[in-house]
Amino acid sequence: MRFIHTADLHLGVKPDAGSAYTKGRPEEIWESLRGLLARCEKEQIDLLLIAGDLFHRQPLLRELKELNSMFEALTHTKVVFTAGNHDYLKPNSMYRNFRWAGNVTPLLGARLMKVEFPEFGTAVSGFSYQERSSQVGSG
């Protein structure tokens, strides 16, 4: 089995407000994700594991649609992700009712959840933040 594990992509972040760096950085982060997904496709990675903070804030519906389209384009890779302390599952979070592509499994529960991949002889466990946490090292 081949997998890539990542976390803290922080799509939608606007760092260092006011600097020239800030202007292009949000799109650079999306481009980094596109590059990661291209590598998954090229190398036929089995699992892409994203451990929280896919977004820097609550995702917008249009952003989830774009992300889902990118994940759905993967011909081999299965994607598993959790929500982190920045994109946590507040009661009206778009994550809660979004319909993901068949190759995407969000682990959105507050308690440990498990998804099995018998074709790879493995299982993945995880859970998501249900509220924002500001503790150092918590997300």
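The protein contains 2 helices and 6 strands, where helices (H or I, at least four residues) and strands (E, at least two) are DSSP runs numbered from the N terminus. The model is a predicted one, in which local features need pLDDT of at least 70 and side-chain atom pairs count only at pLDDT 80 or more, while totals for chains, interfaces and linings use all residues. Residues are numbered from 1 along each chain as its sequence is written, and side-chain values rest on heavy atoms, with hydrogens and water left out.

Read from the N terminus on, the elements follow the order β-α-β-α-β-β-β-β. Of the 139 residues in the protein, 46% are buried, buried meaning under 20% relative accessible area, exposed over 50%, and partly exposed in between, with a 1.4 Å probe and protein chains only. The accessible surface comes to about 7,900 Å², and 51% of it belongs to carbon and sulfur atoms; such areas come from the Shrake-Rupley method with a 1.4 Å probe, and for residues only the protein chains shown count as cover. Among the contacts with a separation of 6 or more, 70% are made by residues 24 or more positions apart, a contact being heavy atoms within 4.5 Å.

Strands of a sheet pair through backbone hydrogen bonds, either parallel or antiparallel. Here an open sheet of 4 strands has the order E1-E2-E3-E4 with parallel pairing, two strands being paired if DSSP finds at least two bridges between them. E1 and E4 stand at the edges and have a single partner strand each, so one side of each is left without a neighbour in the sheet. On average, neighbouring strands of this sheet are turned by 15 degrees against each other, direction ignored, with axes taken as lines fitted to C-alpha atoms (for helices over the stretch in contact) and angles running from 0 to 180 degrees between N-to-C directions.

Within the sheet, E1 and E2 run parallel and are joined by 4 bridges, and the bridge partner of Thr6 in E2 is Ile50. E2 in turn pairs with E3 in the parallel sense over 5 bridges, and Leu47 has Lys78 as its bridge partner in E3.

Leaving aside residues up to four places away in sequence, Phe71 touches Leu37, Leu48, Ile50, Val79, Trp100, Asn103 and Val104.

A search of the whole structure finds 7 aromatic pairs, for which rings of Phe, Tyr and Trp (its six-membered ring) must have centres within 6.5 Å, with planes under 30 degrees apart counted as stacked, over 60 as edge-to-face and the rest as tilted. Trp30 and Phe55 form an edge-to-face pair, 6.2 Å centre to centre and with 65 degrees between the planes. This pair links distant parts of the chain, since Trp30 lies in helix H1 and Phe55 in the loop between E2 and H2, 25 residues apart. Trp30 counts as buried because its relative accessibility is 8%, and Phe55 likewise counts as buried, at 0%. One aromatic cluster is formed by Trp30, Phe55, Phe71, Phe81, Tyr95, Phe98 and Trp100.

Two further residues give local views. Ala83 sits in the loop between E3 and strand E4 (104-106) and is buried, with a relative accessible area of 2%. Beyond residues up to four places away in sequence, Ala83 touches Gly52, Asp53, Tyr88, Leu89, Tyr95, Ser128 and Tyr129. Arg39, in helix H1, counts as partly exposed at 48% relative accessibility, and its contacts outside the four-residue neighbourhood in sequence are with Gln44 and Ile45.
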